[in-house]
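Reader: I would like to learn how to read a few features of a structure. Could we take them one by one, with the general idea before the case?

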Amino acid sequence: MSESFSGKDMLTILLIVVTLISSAGTLFYVTSLSGKLMNVSDDLEGVSGNLQSVSESVLTLSETTVDIAEKVGAPSPELSALAERLEAFEEAMEEIRVEPKEYIVFGRSLAFTGKYTQPALMAHKGWELWIKLVNENGGIYVKEYGKKLKVKCIYYDDESDPTTAAELYRKLIEVDKVDLLVGPYASAVNYAVQSIAESYGYMLPITEGTSTELYERGMRYSFMCGPGGVATYYSYPFMEWVGNLPEEDRPSKVAVLAEDTAFPISVYEGVIAQSEEFGFEVVHKELYPKGTTDYVPMVSAAKDAGADLLMCGTYFPDAAGIVRAAKEVDFNPKAILCTVGPTLPEWGSELGADGDWIFSSSDWDPGAPTFGNAEMISKMREEYGIDPDYHTARDYACGQIMEAAIMAQGTLDNDELLDYILQTSFDTVIGKLSLGDVGGLTHIAWPPGYVIVQWQEGEVEVVIPSEVATADPAYPTPSWDERS
Amino acid sequence: MIKDIMFSKKDAKLIVFAAAAILILIIIPLTGNRFIMATTFTILTYMVLAQAYNILGGYGGYVNFGYSAFYGLGGYITAILSTQWHVSPLLMVPIAGLAVGVISAILGVPLLRLKGVYFAIGMITVNFIFLCLVLLFPKITKAGLGIVLPPPPPLQVFCYLAAAVAVVTTLAAHRIANSSFGLALRSIREDEEVAEVVGVNLTKYKVLGFVASTIPAAVVGGITAAYLTYIDPDTMFNIGFSVKVILMARLGGLGTIAGPLVGALVIQAISYALRYTLGGVLHKIVWGALLSATIILLPGGVIKYVRSVLVRRSAIS
Amino acid sequence: MKELFSFVNLVINGLMIGSLYSVMTLGLTLLFGVMGVINVAQADFIILSAYIVYWMSHSYGMSPFISFIVTVPIMFGMGMLLEKGLIEPLQMRTRSHGEFVRMTLPVFFGVAMVVRHSMTALWTGDYRAITTHLTGKAFTSGLIRVPILRLLCLVGSFAIVGLLYLYLTKTKTGKQIRALSQNAVAAKIVGINVERIRLISFAIGICTAGFAGYLFSFIYTFFPGAAGEWVPLLFCIMVTGGLGCTEGTLVIGILFGVVDSVVGYYVTMAFSRVLVFITMLLVLLFRPRGIFGRGL
């Protein structure tokens with residue numbers, strides 16, 4: 001009893017399948033075609049504009065020649081030469097290849113939805129701010145095109161998902177035909193995108209990805225675009241500082257907690273290595289899965305293991321969860337450090353006084369007199385009404401680097417720009433960026449430069465190193481009882 | 001006159017499908033446009049998944065909401081083997097397929113004793129258990145960090161490979177559907193108790209159907225892993241992925257051969273169209289609404305709808 | 001001795017975490033038990049309620065402690081809309097009850113997507129938390145610590161369960177709901193207005209999310225996508241306890257809370273999760289109706 005199909009059924013089905021495939025094909029072509037059409041019409045506009053100016057110059061030139069000829073009366077050898085030149089010029093004009101380019105086009109995907117939205121949006125604002133400022137100045141001068149080009153950027157939402165991002169970057173390169181790329185948010189997402197950029201020969205400035213995994217792969221086209229350094233260094237200045245405290249103030253037992261994803265794992269590994277370096281005992285360490293909701297058990301375990309220093313590789317929800325859990329179980333280590341979370345403005349607004357005295361790492365120092373820093377801060381306040389954070393600063397710095405490199409090399413060619421960037425040291429809002437290959441990692445910022453910040457009574461202060469500190473570190477941090 | 005075109009029905013259908021598919025699929029990779037090729041590849045993989053899912057889900061009536069578990073398993077086995085042994089991932093795909101076949105045969109026996117909604121939800125658990133297992137053995141699976149695979153061969157290879165797998169899976173599904181195996185599955189779907197009484201060996205056919213649906217999923221998982229060059233637990237064991245595949249099979253028409261293919265094409269086309277025209281958030285909202293609406297409004301799927309229209313037409317004429 | 005107190009604290013903490021788990025899962029269980037609806041969007045409604053608490057507090061200055069009077073009615077209303085808009089059409093178009101049940105999953109998956117991303121669109125992906133003067137504070141007696149807000153959750157959970165129990169057993173509508181869940185045909189024969197009862201039961205199921213979200217907002221930080229982290233756990237609890245069986249949900253919810261707390265402490269949270277899932281799988285294989293479930 002097999003399914004009986006008449007010939008009519010088969011043909012109808014075939015027809016439907018073919019129609020659907022062709023309509024799908026048409027759909028894709030249309031989406032890419034519309035992009036192409038836009039480019040073509042832009043090109044045509046440019047061409048006609050240029051042709052007009054050229055023909056105007058030729059007209060003026062020939063008018064002048066006629067005037068001269070009339071005045072002189074008879075053609076002189078110079079005039080004949082000039083006439084010949086004009087003819088040649090007219091011929092050449094026919095063959096003129098006009099470069100009608102108006103914009104430097106960047107492409108990137110960001111986590112507009114999903115887990116990493118908040119920090120990604122802060123980064124986005126930094127990047128957009130730079131673009132705005134550059135365009136207000138008429139753009140960047142690119143020698144290859146002989147003029148200033150404005151900047152624009154095509155964005156897609158990668159939903160905080162690495163594989164989505166990979167597909168989107170392919171589209172940016174193939175269909176949208178962007179000139180240059182910028183990396184997405186989060187190490188895990190950059191991971192997936194690196195090989196795409198590599199196979200197409202596009203530079204990938206990684207602004208929001210500091211996990212060591214990204215730089216162990218020997219990718220030629222990826223480079224760290226933030227002077228902070230790899231994630232393992234996030235905790236270094238702090239560990240170094242506590243390590244050098246006098247005996248009675250030093251902690252001796254460290255607890256490390258981190259989310260089981262690329263970036264926090266690097267922080268975790270860094271803390272463990274540094275504990276050994278500075279002579280601390282790691283009494284509790286735990287990597288918790290990405291969807292963890294309750295932090296009380298692990299914080300209790302840290303407390304009962306006798307830890308007097310709590311170091312955490314976190315984003316925001318877990319950092320908040322850990323700090324709250326510490327309050328609930330009355331865990332009072334001499335200090336708590338959490339990455340990312342406490343550098344976001346809502347740390348203070350959402351947690352209130354509970355967020356005080358927590359340390360964190362940032363590669364950006366708001367008070368530092370670095371190149372363009374004050375301008376960025378005031379512009380950010382003007383445009384968005386909030387202060388920048390280190391994500392914003394990093395992406396803004398990336399813009400500064402791009403601008404410098406493009407102006408220096410006079411081209412938008414990825415290889416030439418990359419070579420220049422790898423050899424040069426840049427002044428940015430986050431300080432000096434220079435890239436190097438260290439310890440098996442390629443194209444990382446070296447030497448690393450992080451500052452340690454601490455929330456003190458609702459304000460973020462830079463506390464370490466003392467040269468740039470705006471306040472002294474409050475250490476040991478007050479216990480939960482003392483705070484109320 | 002059209003009614004006179006009566007070849008041996010099974011053979012004719014097969015030839016026609018194969019010819020159309022091969023023609024289109026040979027042309028596309030030759031265009032050289034990487035984006036078109038990438039899209040074709042993705043659609044083909046979904047076609048395979050929907051078709052394979054259909055074997056147990058459509059013919060057998062056992063809805064497997066944790067389908068992504070075996071896709072992910074195939075992907076992870078491929079990735080782990082290829083990085084540990086330093087070989088090309090595509091070579092490891094057949095091994096992954098076989099391994100998953102064996103695993104699902106073993107797991108299938110107890111799992112398929114669950115009926116209806118219990119099976120559906122039970123498979124979700126299996127999916128999460130696999131995910132947890134990946135997280136628990138970081139030394140092998142690199143847990144949350146994800147596995148990076150060696151650089152892939154050119155895109156054309158993937159297109160042709162996916163096309164080949166799609167053709168093979170469709171042929172297999174067709175053969176199963178028109179054999180006693182398919183008959184047994186359909187009888188199980190209609191009424192399991194009666195089937196048993198009539199002498200259908202429930203366990204044997206259910207497990208076979210299960211294995212038949214999971215092997216292609218594993219193969220696709222492995223190929224996709226090689227294509228992406230990066231996998232992590234979230235992408236490989238994603239329930240939303242299972243739901244998408246089920247939607248494709250349902251929309252196209254459960255219990256048909258052309259159904260899953262059509263469904264995969266339409267749904268993926270809509271997915272792309274939405275993503276690239278609307279913004280990130282809006283596209284998801286529309287997608288969710290579309291998902292719910294489609295399930296509610298089109299219970300039988302497109303193919304069945306088309307067929308019913310044709311039947312009505314021929315009845316009238 | 002300190003070890004013992006440690007352990008006791010963990011168990012107490014586990015009870016409190018677990019009671020919140022139970023309340024969060026309660027709606028899911030009710031909806032499945034009474035109507036056969038697999039509401040994967042329940043966690044999203046919980047988060048939505050948490051957002052309502054947040055905005056009531058930030059925009060209107062309403063004390064978070066009483067905001068359940070806002071979240072519960074809003075969720076009730078939403079439940080009624082969903083029932084009319086989704087459940088009834090689906091009922092009409094599916095051939096069998098089994099098919100209806102299975103199809104509710106993808107339908108509500110779509111609902112979850114819509115709710116989740118609407119929240120992102122409306123309120124951005126920023127992380128939110130409710131911090132009150134009671135956050136983190138605890139009653140202490142020697143080495144025993146009982147965080148106040150978690151105790152509130154425990155009390156709230158028992159209150160809502162008790163209330164529901166009374167409603168379902170003592171009131172006329174409640175009894176009609178139970179009748180419908182036992183045997184739909186017989187209920188119709190006896191003269192129960194099936195449509196109306198279905199509407200009310202569904203709305204009740206969704207409004208438990210309103211109450212759970214209210215409790216949830218005190219303990220956890222949230223963002224629009226937070227529901228995704230909770231769905232596996234809630235499902236686990238429902239299935240292990242028994243699909244549609246409320247006693248099961250309560251007991252297993254609390255049990256899993258204790259497991260999370262104790263195992264999370266002595267081993268790791270990752271391991272606790274695996275334990276929970278394997279328990280669910282074993283239950284599914286060897287006792288599919290759940291530990292407390294009746295009749296398959």
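Reader: Where is C:Ala129 found in chain C?

Author: This is a predicted model, in which local features need pLDDT of at least 70 and side-chain atom pairs count only at pLDDT 80 or more, while totals for chains, interfaces and linings use all residues. Residues are numbered from 1 along each chain as its sequence is written, chains are lettered from A and ligands numbered from 1 in the order in which they are written, and side-chain values use heavy atoms, with hydrogens and water left out. Helices (H or I, at least four residues) and strands (E, at least two) are DSSP runs, numbered from the N terminus. C:Ala129 is found in the loop between helix 4 and strand 1 (138-141) of chain C.

Reader: Is C:Ala129 buried or exposed, and which residues is C:Ala129 in contact with, leaving aside its neighbours within four places in sequence?

Author: Buried means under 20% relative accessible area, exposed over 50%, and partly exposed in between (1.4 Å probe, protein chains only). C:Ala129 has a relative accessible area of 3% and is buried. Contact means heavy atoms within 4.5 Å; beyond those sequence neighbours, C:Ala129 is in contact with A:Arg324, A:Glu350, C:Tyr54, C:Thr221 and C:Phe222. The C-alpha atoms of C:Ala129 and C:Phe222 are separated by 6.4 Å, although these residues are 93 residues apart along the chain.

Reader: How many aromatic pairs does a search of the whole structure find?

Author: A pair of aromatic rings is described by the distance of the centres and the angle of the planes. Rings of Phe, Tyr and Trp (its six-membered ring) pair if their centres lie within 6.5 Å, and planes under 30 degrees apart count as stacked, over 60 as edge-to-face and the rest as tilted. The search finds 48 such pairs over all chains. One of them joins A:Phe106 and A:Trp130, edge-to-face at 6.2 Å centre to centre with 85° between the planes. Because A:Phe106 lies in strand 1 (residues 103-110) of chain A and A:Trp130 in helix 3 (residues 117-136) of chain A, the pair ties together parts that are 24 residues apart in sequence. Both A:Phe106 and A:Trp130 are buried.

Reader: What charged end sits over the ring of A:Tyr103?

Author: A charge sits over a ring if NZ of Lys or CZ of Arg is within 6 Å of the ring centre and within 35 degrees of the ring normal. Over A:Tyr103 sits the charged end of A:Lys152, 4.7 Å from the ring centre, and A:Lys125 lies over the face of A:Tyr384, 5.5 Å from the ring centre.
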